Each structure stands twice: as C-alpha cells, then as structure tokens.
Amino acid sequence: MTPKTAFMIAAPTSGSGKTTIARGLMALLVQRSYNVQPFKCGPDYIDTKFHEAVCGRPSINLDTFMASKEHVRELFARYGADADICIVEGMMGLFDGYDRDKGSSAEIAATLGIPVVLVVDAKSAAYSMAPLLQGFINFRKDVRVAGVIFNKVGSEKHFQMLQQVCDDLHIECFGYLPKSPALEQDSRYLGLDFSEKTESKELIKLLENNVGWQRLIEL
C-alpha cells in the first residue's frame with residue numbers, strides 16, 4: 001500500500017523558509033483531518049521532533065549517506081503505508097550533498113520518485129527568479145520540480161511579478177507567504193522544549209489563504 005499523495009518541500013538554499021512552510025502545511029493538513037506522515041532528509045533530529053509534535057506520529061529520517069537507497073525506499077513505504085499524505089522536508093539546498101549532489105535532497109526525491117515543491121525566498125528579486133528556477137527545474141532529469149511556493153513576498157504586485165516567472169517557465173505556482181516579522185524564527189538549538197506549540201495560528205491561516213494546498217494534495 002502506498003500513500004495517496006507524497007511530495008518533498010525543498011529549497012535552493014538553507015534559510016529559504018522550507019522548515020516553516022513544511023511544518024505549517026503539516027499542521028494545516030492535520031487540522032483538515034488528513035493522516036500526515038512526516039519525513040526529514042538527512043540525520044536531523046530537531047526538525048523530526050517538531051514534525052512529530054505537529055503530526056502526532058514519528059518523523060523518519062531518510063539519508064542516502066548512511067543507508068542504502070533500497071533501505072530509504074523501504075522506510076518510506078513502511079511508514080507511509082497508512083498515510084493519506086507523506087511530506088518529506090529537505091535539507092540545505094536541493095542539490096547539496098556530501099559529494100556534489102550525492103546524499104542530497106534531490107537524490108532522495110529521485111530515489112523515492114516523488115515530486116519536489118521548491119520554497120524560494122523572493123524578498124529581493126522578481127524576474128531574476130526565472131533563470132534561477134529554470135536551472136533548478138532542468139538540472140537533473142530524474143528530479144521533477146512540480147512547482148514553487150514563494151516566501152517573504154512584499155506585496156500583491158510583487159507576487160504577480162513572480163507568477164509571471166512561473167507562467168513563462170510553464171511551472172505551477174502554488175502560492176506564497178508574505179513578508180512578516182511574526183513568521184521569523186529564532187535560531188534552533190539542541191535542548192529546545194518540543195512540548196510547546198510550534199505552529200502559530202497566523203502561519204496556518206496565511207498558508208490556508210495564500211497557498212493552494214488543495215492542489216498540493218493532488219500532486
């Protein structure tokens with residue numbers, strides 16, 4: 001048995017907002033009564049604890065550096081078997097691995113055969129996003145970038161300009177998060193209290209209003 005929907009939330013670089021959006025989407029979909037199975041690329045044991053707090057089930061690390069691709073596929077199939085949706089949060093930049101792109105989020109997406117939703121920090125650019133995204137879309141033919149969520153968007157006009165980028169590249173724009181001080185996160189560190197509520201109502205509401213989450217679950 002396989003999950004009805006599976007996708008990866010990744011980004012061109014660290015600090016783009018993929019963790020905020022991944023956890024926010026998990027929380028939103030759980031609120032909508034979906035059974036969400038979280039995963040995390042690489043040996044990261046902080047994000048997995050936040051995932052578990054949001055989804056109510058353990059988040060599983062997927063790592064092609066310390067495990068074989070076959071084992072990664074087995075983990076994904078086993079833990080996602082009874083889920084409605086599997087969401088894999090990437091690590092670092094999409095193609096950042098221990099040796100070029102080996103062990104990267106892109107390699108894991110290709111290993112699992114799941115599409116990638118790219119979270120892009122757009123705070124200082126508009127149409128310059130076109131060559132950036134074109135490179136990510138076409139860099140590896142076995143990695144399918146299904147669409148983009150823009151983060152730190154300054155205005156509705158700014159978002160319209162970013163939508164033009166996606167239209168010209170023939171890639172789906174799933175929406176955006178506006179620039180908001182309330183969404184800025186403090187640096188994470190070992191020893192955080194994971195019992196605290198990790199997803200704000202504001203974040204969930206912003207995702208609900210500005211991101212096409214219904215289209216995401218149809219991927």
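This is a predicted model: local features need pLDDT of at least 70, side-chain atom pairs count only at pLDDT 80 or more; totals for chains, interfaces and linings use all residues.
The protein chain contains 8 helices and 7 strands. Its C-alpha trace spans about 45 × 40 × 35 Å along the principal axes. The radius of gyration is 16 Å. A compact globule of 219 residues would have a value near 17 Å, so the chain agrees with that expectation. Of the 219 residues, 53% are buried.

The accessible surface of the protein chain amounts to about 10500 Å². Carbon and sulfur atoms contribute 50% of this area. The chain carries 24 positive and 27 negative charges.

The cysteines were examined next. The structure holds 0 disulfides. C41 takes part in none, and the nearest cysteine sulfur, that of C86, is 13 Å away. For C86, the closest cysteine sulfur belongs to C55, at 10 Å. A disulfide requires sulfur atoms within 2.5 Å. The 10 Å between C86 and C55 is therefore too far for a bond. Both C41 and C86 fall under the 20% limit for burial. C41 has a relative accessible area of 1%, and C86 has a relative accessibility of 0%.

Helix α4 covers residues 105-112. Of its 8 residues, 7 are buried, so the helix is largely enclosed by the rest of the structure. The buried residues are S105, A106, E107, I108, A109, T111 and L112. A charged residue, E107, is thus listed among them. An α-helix has 3.6 residues a turn, so residues three or four places apart point the same way. In α4, the cover over the buried residues comes from several elements. The strands among them include β1 (5-10), β2 (36-41), β3 (60-62) and β5 (116-121). Helix α3 (69-80) also contributes to this cover. C41, itself buried, lies within the residue range of β2 (36-41). After α4 comes G113. The phi of G113 is positive, near 70°.

Technical notes: Residues are numbered from 1 along each chain as its sequence is written. Side-chain values use heavy atoms; hydrogens and water are left out. Helices (H or I, at least four residues) and strands (E, at least two) are DSSP runs, numbered from the N terminus. The radius of gyration is taken over C-alpha atoms; the globule rule is 2.2 Å times the number of residues to the power 0.38. Buried means under 20% relative accessible area, exposed over 50%, partly exposed in between (1.4 Å probe, protein chains only). Accessible areas come from the Shrake-Rupley method with a 1.4 Å probe; for residues, only the protein chains shown count as cover. The place of a charge is taken as NZ of Lys, CZ of Arg, CG of Asp or CD of Glu. Contact means heavy atoms within 4.5 Å.
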